[in-house]
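Here is a brief report on one protein model. It covers the fold, the core and a charged pair.

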Amino acid sequence: PMQYGGSNAYYGQVNQTQVVLDKANFKVLGSFTGKSIANAVSLTVRDKDGLVSAAKQDFLNNAKSAGITMNGSHAIINTCVDYLSNGKKIVVTFSGEIIEFTK
């Protein structure tokens, strides 16, 4: 059977930082995704955390390919970690938006 899940269903909340924006002091630089794939049969819990890290690194690499790098005024928001497993393989997808604070 196929299994589906997301940040809250499997990994818990990924980002616990909260920022309240009361004025338009940022601009969205782009939305990106990153993926990682592994054989599900031999994975441990630690390996699954590694898949999330690898998916996030792919996310950052995709942003960098678009000319966006993380610096002091950039933040990743609206993140979501999804996974799909069919018992043989597991695919982890990390998605989100990168914003730049302007003030």
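The notes below go from overall layout to single side chains.

This is a predicted model, in which local features need pLDDT of at least 70, side-chain atom pairs count only at pLDDT 80 or more, and totals for chains, interfaces and linings use all residues. Residues are numbered from 1 along each chain as its sequence is written, and side-chain values use heavy atoms, with hydrogens and water left out.

The protein has two helices and four strands. These are DSSP runs, numbered from the N terminus: helices are H or I with at least four residues, strands E with at least two. Along the sequence the pattern reads β-α-β-α-β-β.

Of the 103 residues, 29% are buried. Buried means under 20% relative accessible area, exposed over 50%, and partly exposed in between (1.4 Å probe, protein chains only).

The largest nonpolar core holds 17 residues. Such a core is a set of buried Ala, Val, Leu, Ile, Met, Phe, Trp, Tyr and Cys residues joined through side-chain atoms within 4.5 Å. Elements giving it two or more residues are β2, α2 (45-65), β3 (74-85) and β4. The largest share, five residues, comes from α2.

The structure has one salt bridge, meaning a side-chain nitrogen of Lys or Arg within 4 Å of a carboxyl oxygen of Asp or Glu. K27 and E100 form it, at 3.7 Å, N to O. K27 lies in β2 (residues 26-39) and E100 in β4 (residues 89-101), so the pair ties together parts 73 residues apart in sequence.

| Residue | Relative accessible area | Class |
|---|---|---|
| K27 | 43% | partly exposed |
| E100 | 22% | partly exposed |
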